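Dear colleague,

I am passing on the structure below, and the notes after it set out what was found. Please read them with the structure open beside you.

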Amino acid sequence: MPHKTFFWFFFPSGLAMLLFIGLPIISSFFQSLHIEPEQILMEVEKCDPFGCKTETKVDIEATTKLQEEQPLGRFNGLGTYGDRNHLAFEEIKEAWRNSSSMSEFIDILLNLPFYKALLFTLTFCFAVTPPVVVLGFIVALSINTLTKSLKGPTIFGVILPMIVTPLIGSLVLFWMIDAKGILGATIQYLFDDPNLSLKSSSQLTWITLIIYGIWHNTPFAFVVFYAALQTVPQDPIEAAIIDGASRYERVRHIVIPHLYPVATFIILICLMDNFRVLEPIIGFAAEGVAQSLSWMIYNDLRSENKMLFGSAGATSMLTIIGVAFLLTPVLIRTWREFRTER
Amino acid sequence: MESKINRYSKQLILINSLFIILWLVVSVFPFIWTFWGSFKVKADFFSRADWMFAVTGVNTLIETGDTSTVKAYVESWTEGEFWKATLNTIIITVSVVTISLFLGTLGAYALSRSTYKYTFWILIAALIFRAMPHITLVSGYLFPFFQLNVWGILPTTIIVLVAINQPFTLWLLYSFFKTVPKELDESALIDGCSYFQAFRYVIMPVMWPGVITAGLFSMMLAYNDFTVTSLLLNQQNYTMVPKINAYLGTIEHSGNYMWAVSSVVSATAPLFMIIMFFQRQLISGLTAGAVKG
């Protein structure tokens, strides 16, 4: 295809991506270099019968004027990245100097907003992914043995948790684990503790969120494994049967090696998708104890009158760096695939 | 394959069936529970006394005179203006699917037929774009959109969702067009068609399976989106998902918690219907690119 034809075919799609994915990243970076303007204070002398006092007041007129002149705020360089809500260099230095033991230092570190969110995001990613892969594989194996007429409806049932949007999915579960809902009440009954609530402690909330993550992500792993199972070559399996291999041995030595590449694909996609976890935190109303990087950005942008563009931009940039780490293996894999295709 | 050795033993069949039934319950039961509960009053759905009330509807009987009620549905659709959210969702979903398929088929066709090296780099760039968390993009949109005064309206959100959707659509349709034999449109070119004519008269009639799959994913993205719609639309233009979140958040609706429950059912039901019809396409799309290994 000549360059010119290619250009016109690809132009609309490319333009859309450039304008609404490429530019926002740059715009986000630009925002992160700025900080909201400070309010201009002025001294007013107030006199009443008992004498005169000077008061400092916000000069609304000047502040508005400044805001109009510099809507993005003043230039702050990389200052926002180092402040308390992001990488917190000062605080870390101080904690390093003042803390007597390593555990105390780590304690202080993990109470800083950014590191707290990073810890949750990574915990969520790495706690959800392995069970998803294992469960997805087991579900795929067992559904594969069903008769054909049962397969369709079963698959439909199994993929439901993946289809609904995470917010709705987490709400549905949240209502059930409520202390007054069916699961919450059952758990209280089982542990014989009428005050037990999954919302009561941060550990329990984290576990609930992780269980939700597994529930939501397993169907994806299942679908991919299930499709891959259809491509397992039959000849080696038949040969293994003749040689007297048990069912377990056949799965262990023929099916699983065949599925390794698929498993890495699932792991990578799962890690990348869960790195942006946001909706479950809102659905489970877990903002108090579990914040993710995405949630920090969401929180900065939520209030309509005072959005913290600078702070949100800086967190976005740091999140993108995190995504880049997770993305590198995917890119290398795609690169190799292309090499072999040509 | 139906050799005697490979038959499943009775124990295995039993364990297997039990496991599948258990897993089906885990996946499906929460939805059935919510569906059933949405016809009850709040005192039953969140019952302090006994969770069985949610099944039998004791308080619902006391409050409304029947064991199930559609009060929450009627109120959320009228008073809660859920009809408006539904309308907005329909407008956004239909526009996003149409536009992103239009752009996507053209772009992906070009990518699949060009032999130059830059197609590779474009596809890699699309992959990187696809991995960007949506919230980081939104943080980049808000400020310029406020300055340009286009924040809060439906068209902006539609364009943004189309763009966010492009990388995935491109990849999906690219791998689909790769399976369409090149000779098909090449012969049309030899017969004197332009590239566009070849696309219009030769490729378009055979591309529908791929387009349906890509359309299904665009639909799910637009229909399910929360991050973009909740931050880029103003309250009056909310779609279903942010609307449900709004029901939960505000104090004025706190007495109407059941609005959220019934709206969850209203929003989920059509989606499940569509997936029931297009399950095969959904699965083929999810596995595109994965299975090749």
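Two residues are taken to be in contact if their C-beta atoms, placed from the backbone, lie within 7 Å. This is a predicted model, in which local features need pLDDT of at least 70 and side-chain atom pairs count only at pLDDT 80 or more, while totals for chains, interfaces and linings use all residues. Residues are numbered from 1 along each chain as its sequence is written, and chains are lettered from A and ligands numbered from 1 in the order in which they are written.

On that contact criterion, 78 residues of chain B meet 79 residues of chain A. By class, the side of chain B that touches chain A has 55 nonpolar, 21 polar and 2 charged residues (Ala, Val, Leu, Ile, Met, Phe, Trp, Tyr, Cys and Pro count as nonpolar, Asp, Glu, Lys and Arg as charged, and the others, Gly among them, as polar).

One helix pair joins the two chains as follows, helices being DSSP runs of H or I with at least four residues, numbered from the N terminus. Helix α6 (residues 113-144) of chain A packs against helix α1 (residues 10-37) of chain B at an angle of about 120°, with their axes 10 Å apart; axes are lines fitted to C-alpha atoms over the stretch in contact, and angles run from 0 to 180 degrees between N-to-C directions. In this pair, Val139(A), Ser142(A) and Ile143(A) of α6(A) meet Asn16(B), Phe19(B), Ile20(B) and Trp23(B) of α1(B). The contact of α6(A) with α1(B) has 5 nonpolar, 2 polar and no charged residues.
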